[in-house]
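User: I would like to learn how to read the side-chain features of a model. Please take me through them one at a time.

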Amino acid sequence: SRRYLSTGFVFPALQGREATMSLMRAVTKGRVQLVASRLPATRSSAFMPSTPEEWEAAGYETSKKNGAPKIYSMWNRWFPYEPVPFSPKLGPYIEYVEKDHVYYWCSCGESVSQPWCDNVGCEGTKFKPVVVIPEHSRKQWFCGSKHSPTRPEFNGTCWSVWMDVNTIPAAGLLFGISFVTGILCTWIAHP
């Protein structure tokens, strides 16, 4: 992107700097591509593993049935003898449910058809499917981490499990929210 006058003349002072800058960009881009080509498979998320292999490399046990990681919640750390479900998603499942239709919510986290039980995932575990009979036809949020005390309803526990797994990004996120909230409250309360 050279700067021309209407006559097509190139400013001599800019010509040397532009050439140097484009050379520096090319060298930097080449180095980045070289480093990226030497790396193993790249992750799809900057914060957390996305494949069973990445979860295992991070030190988590994964399900043989669907690859979901077994993440110990704070409750499971205090009470280690209780069974720990696999967590296929660290967030809610938002599903449309029909009134008076019987659904079976997977409580073990190993079902392939999450959040519903496929009668294969819970076999051989201490978990049993939870019966859900909605009172209204609507979209409903279901826990994806399987750690919610209000099973099967989502209550935010999935996000606390995510924060426990991703401590540094969670700390940065909470700091940012606190900082912005402080600025807004100061601005609102200022006379």
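Analyst: Lys-70 is a place to start: this residue is buried, at a relative accessible area of 16%, where buried means under 20%, exposed over 50% and partly exposed in between (1.4 Å probe, protein chains only). The model is predicted, so local features need pLDDT of at least 70 and side-chain atom pairs pLDDT 80 or more, while totals for chains, interfaces and linings use all residues. Residues are numbered from 1 along each chain as its sequence is written, and side-chain values use heavy atoms, without hydrogens and water.

User: How many salt bridges does a search of the whole structure find?

Analyst: Side chains of opposite charge can pair when their charged atoms come close. The search finds one salt bridge, meaning a side-chain nitrogen of Lys or Arg within 4 Å of a carboxyl oxygen of Asp or Glu. Lys-70 and Glu-61 form it, at 3.9 Å from N to O. Glu-61 is partly exposed, at 45% relative accessibility, whereas Lys-70 is buried.

User: Which geometry do Trp-55 and Tyr-60 have as an aromatic pair?

Analyst: A pair of aromatic rings is described by the distance of the centres and the angle of the planes. Rings of Phe, Tyr and Trp (its six-membered ring) pair if their centres lie within 6.5 Å; planes under 30 degrees apart are stacked, over 60 edge-to-face, and the rest tilted. The structure has six aromatic pairs. Trp-55 and Tyr-60 are edge-to-face, with 5.1 Å between centres and 80° between planes. Trp-55 is buried at 5% relative accessible area, and Tyr-60 is partly exposed at 24%. Elsewhere, ring pairs link Tyr-103, Trp-116 and Phe-142 into a cluster.

User: Where does the charged end of Lys-89 sit?

Analyst: A charge sits over a ring if NZ of Lys or CZ of Arg is within 6 Å of the ring centre and within 35 degrees of the ring normal. The charged end of Lys-89 is over the ring of Tyr-93, 4.9 Å from its centre.

User: How many disulfides are found, and how far is the sulfur of Cys-106 from the closest cysteine sulfur?

Analyst: A disulfide is a pair of cysteine sulfur atoms within 2.5 Å. The whole structure has zero disulfides. For Cys-106, the closest cysteine sulfur belongs to Cys-108, 3.5 Å away, which is too far for a bond. Cys-106 is buried, with a relative accessible area of 0%, and Cys-117 also counts as buried, at 14%.
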